[in-house]
Every structure is written in structure tokens, then in C-alpha cells.
Amino acid sequence: MGFVLIHKDDDVRVCLENGHKYAIRDIKKGETVIKYGFPIGIAYKDIKQGDRVHTDNLKTALSGEKTYIYTPGERFALKEEPCTISAYKRKNGDIGIRNDIWIINTVGCINKSAELIAQKTGAFCFPHPHGCSQIGDDRHITQKILRGLILHPNAGGVLVLGLGCENNNISEMKKILGNYDHERIRFLNSQDVADEITEGVRIVEELKTAASQDKRTEVPVSKLKIGLKCGGSDGLSGITANPLVGRITDRLVSMGGIAVLTEVPEMFGAEQILMNRCCSKSIFDKTVTLINHYKRYIISHNQPVSENPSPGNKDGGITTLEEKSLGCIQKGGKSPVTQVMDYGDFAVEPGLNLLNGPGNDMVAVTNLTAAGCHMILFTTGRGTPLGAPVPTIKIATNTALAVKKTHWIDFDAQADMRENRDNALFHLIIETANGKKTKNEQNGYREIAIFKDGVTF
């Protein structure tokens, strides 16, 4: 079996076949275990050199809120020659890399109506169970996520489909939309017409006609916004796929683009690294709030902040949340953190943006889409067919998965151990921006889930 030592200070090396880690020295009970050059937990029994280091001998050291000190490091200095992509220019100055017609329903009661209209027209709809019986911040989160979808530049036209009696009705949604293209965003209350399916089809066909006039044109790659996500991670995620994506992030950011990193719980244990890359003290303070606020949310439900990784993560060799987080944040490369965003905020600041939200795959890809990301780079070691409403490039951490699930996976990152794959992945990103369909698009996997933590009447 092949092994790799990630950092010279590490106490473990990783098997490249199964992602599990093995001690390279004797480790005493109570000692901190180092991987990636940082602590990943505490040995709760003696570990002999050569032993596997996992749940039977390693435990988390994470706890609740912490106090942090801003100690900025050396600034990221990579400078790449800019390039271009072929995209659709929108009236507000945004660009879209797709020109689809979307149906966004204000409430879950009309999921089936949206689905029927989509089936008859070729439009895309995104079922969800929310929009009624919600109040306060909970309803506001639903509205902000739906707003991000309605205004998304990858949609050449949008039908906002309402029922008519829900508290998140069309009139309420219009209040938070701000400026929008009245020709490309249309509204229909189902209770206002005799046959909402026929009327919905009519409106969508008009939107399709308008969108058919749009043409791709050359724009700078700095207009591109990519979301960063990992799901079904394994012990190779932090060795193959995530560092590869991190180098792509640095490349895009150096050209003036935007990358968005979410999954706040999967920053726990690695947050100081991100904090030291904040471009200012004010962004550092926002990052501290982001981390501690999410810990308070977890603790308020009487749950431990460390109750992650998942069973699949553990099968793949990840033991503690610290270990998972140190691998997860590598998707952000070494780029400066230039903005911290809340649910439903739009990504507008070039650089690496941190987005509030959980690690849950469906919620995370929805948050990234609503933030305006044109595509998502999704790394996975265990595999998943999940796709966002936007192109979702699935990047396997290991060749075995890439071979087994060719209908899920777009790119094999383990080949990066044998040859430089940076240019190949960057080329795939450019091709995808220019119109090449990802596996989730080819297979029709486009789903959303909206975060909920409030009262339902």
C-alpha cells in the first residue's frame, strides 16, 4: 500500500488506498495528534507506531465558543494572466453561463403544479416544502433564498408561481426582490386563474421565446463566481480533490473572480487559518461572529459542536471534525478572505467569500446557488448524485469512485497524485462555463433545500 505524509510535523501518514491514517511514532494517552500540521484531536489511549489512528483511540478536542486573535499572515501573491469565457450578458451587468427557464414557487403547496408546467415546457422547477405557516426570521430566510433563485443570472427567464393565500405570497416576495427585469421575471397566482397549468405553460413559452434571442458573448473570467462544496468526504479529500480545488480557487481569484466557501461547522478546528487570511480586521471580526454564532445555534439545541463527521466520513478514514475541517477549508486555497455573507446574501466581492450555512449537502448547494454562484465545484470521496440548480462539477477524491460512478463523476482528482491536473480541471471549468453540460445536468439532478430553524403554525 502507498502512503503519504502530508506535513513534516504530522504524527500520522495516510494510506492512499483507503484514506485511513497510521501512526508514525508512539503516541501517549492525552497527547495531541497532528495531521496537516495542525491538531486533529487527542489520543484517549496509547497508540503504537504503525497502529491505525481512528475512533477507537482518537477523540475531538472541540468545545464551545472561543476567543480569537487576528494575526494576518503573508498575503496571497499569485497573479495569473486573465482569460475569457462565453456567457450571456444580463441587463444589470451580471452574466449567466446558462439560459434556462426556471419555475420558482413561493410555497410548497404548488410543487406539483410547477412540476406539471415544467414537464410540458422543458423548464426547470425546484420543489420545496416551505413558504406557508412561517413567520419572522424563518420566513425571511425562505424569502431570501427564493429571491436568490429568482434573480439568478443563469436563468434566461423565471416564472414565479404562487398559490395566493400563503404568507409568503407574490406580493410579499416582490417587496424583497428589488430591481428586476420585468420582461424576464413573470408572476402567476394559481388561485387567480381557472387553469393555472395552461396559463403557466403560456407564460413559460413566452419566456422561452424571449430567451431564445439571447446570444453568448466573450466576457472576462473575472465575472465568474464559483461555489465550493464537499460531500461524502473521505480520508483522501484533504490530499487530492480539496487541494486541487484550492489551487483552482487561487487561480480564479488572482484573475479577479469570486469563490464562495460555506459549510460553517466544517470550519470548526480550522477557523484560525481562515481568520489569519482575512483582508481586514473588520472581516476577521465578521468571521469570528460567523463561527461563534453557529456554535451557539448548535448548543442552543443541546447538541455538541463536534457531532460531525458522518458515518460515511468515518468509514472513509476521517475521525474528528477538526480533521474534516482541515481538509474541507483547503478548497479555499490560500486566497484572501474578502467578505463574510449571511444566508441569502449575494456574492459581489472579488476574492474568497465565506457564506453562513450548514454542511448539509442539499442546503449548502442551494445557499451557494442563491448567493449567485454560476457553478459549484463539489468534491466527494464516497459519491453522490446530488446536483444544484446550477452546473455542479463532481470531483472524485479517488480513482475507484470515478471509475465506479462514471454517471455521477465529472473529474478524477486522484490522478493529480500522478500528473498535474490543475490545467485539466481549469479547462473543464471553462468548458462548463461555455456550455458543456455536467453529469448532474445530463441526468436531471437539480434540487434545493431551504434551511429552517423556526416556528411552523
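Guide: Gladly, and we start with contact, or touching, which means heavy atoms within 4.5 Å. This is a predicted model, in which local features need pLDDT of at least 70 and side-chain atom pairs count only at pLDDT 80 or more, while totals for chains, interfaces and linings use all residues. Residues are numbered from 1 along each chain as its sequence is written, and side-chain values use heavy atoms, leaving out hydrogens and water.

Visitor: Which residues does glycine 332 touch, not counting those up to four places away in sequence?

Guide: Glycine 332 lies in the loop between α9 (321–328) and β17; helices (H or I, at least four residues) and strands (E, at least two) are DSSP runs numbered from the N terminus. The residue is buried, with a relative accessible area of 0%, where buried means under 20% relative accessible area, exposed over 50% and partly exposed in between, using a 1.4 Å probe and protein chains only. Leaving sequence neighbours up to four places away aside, the contacts of glycine 332 are Leu228, Gly246, Thr249, Asp250, Arg277 and Leu352.

Visitor: How far apart in space are glycine 332 and arginine 247, C-alpha to C-alpha?

Guide: In sequence, glycine 332 and arginine 247 are separated by 85 residues. In space, the distance between their C-alpha atoms is 8.1 Å.

Visitor: Is strand β15 largely enclosed or largely open?

Guide: In a regular strand the side chains alternate between the two faces of the sheet. In β15, Lys225, Gly227 and Lys229 are buried on one side, and Ile226, Leu228 and Cys230 are buried on the other. Since 6 of the 6 residues of β15 (residues 225–230) are buried, the rest of the structure leaves this strand largely enclosed.

Visitor: Where is glutamate 263, and is its phi positive or negative?

Guide: Glutamate 263 sits in the loop between β16 and α6 and counts as buried, at 0% relative accessibility. Most residues other than glycine have a negative phi. Although glutamate 263 is not a glycine, its phi of about 65° is positive.

Visitor: What does the length of helix α7 tell us: how far apart are its end C-alpha atoms?

Guide: The expected span of a helix is 1.5 Å times one less than its number of residues. For the 20 residues of α7 (residues 281–300) that comes to 28 Å, which agrees with the distance between the end C-alpha atoms, 28 Å.

Visitor: How wide an arc do the buried residues of α7 cover around the axis?

Guide: The buried residues of α7 include Ile283, Phe284, Leu290, Tyr294 and Ile298. They are on the same side of α7, because they cover an arc (taken from the directions from the helix axis to the C-beta atoms) of only 165°.

Visitor: What are the buried residues of α12 packed against?

Guide: In α12 the buried residues include Leu425, Phe426, Ile429 and Ile430. They pack against β8 (84–89), α5 (241–254), β19 (375–380), β20 (392–396) and β21 (411–412).

Visitor: Which residue's side chain makes a polar contact with the side chain of glutamate 441?

Guide: Glutamate 441 belongs to helix α13 (residues 439–443) and is buried, with a relative accessible area of 7%. A polar contact is a pair of N or O atoms within 3.5 Å; within protein, one must be able to donate a hydrogen and the other to accept it, and residues adjacent in sequence count only if both atoms are side-chain atoms. At 2.8 Å, the partner side chain is that of arginine 98.

Visitor: Which cysteine holds the sulfur nearest to that of cysteine 328?

Guide: A disulfide is a pair of cysteine sulfur atoms within 2.5 Å, and the structure holds 0 of them. Cysteine 328 is in no disulfide, and the nearest cysteine sulfur, 3.7 Å away, belongs to cysteine 230.

Visitor: How far is the sulfur of cysteine 373 from the closest cysteine sulfur?

Guide: Cysteine 373 is buried, with a relative accessible area of 0%. The closest cysteine sulfur is in cysteine 328, and it is too far for a bond because the distance is 14 Å.
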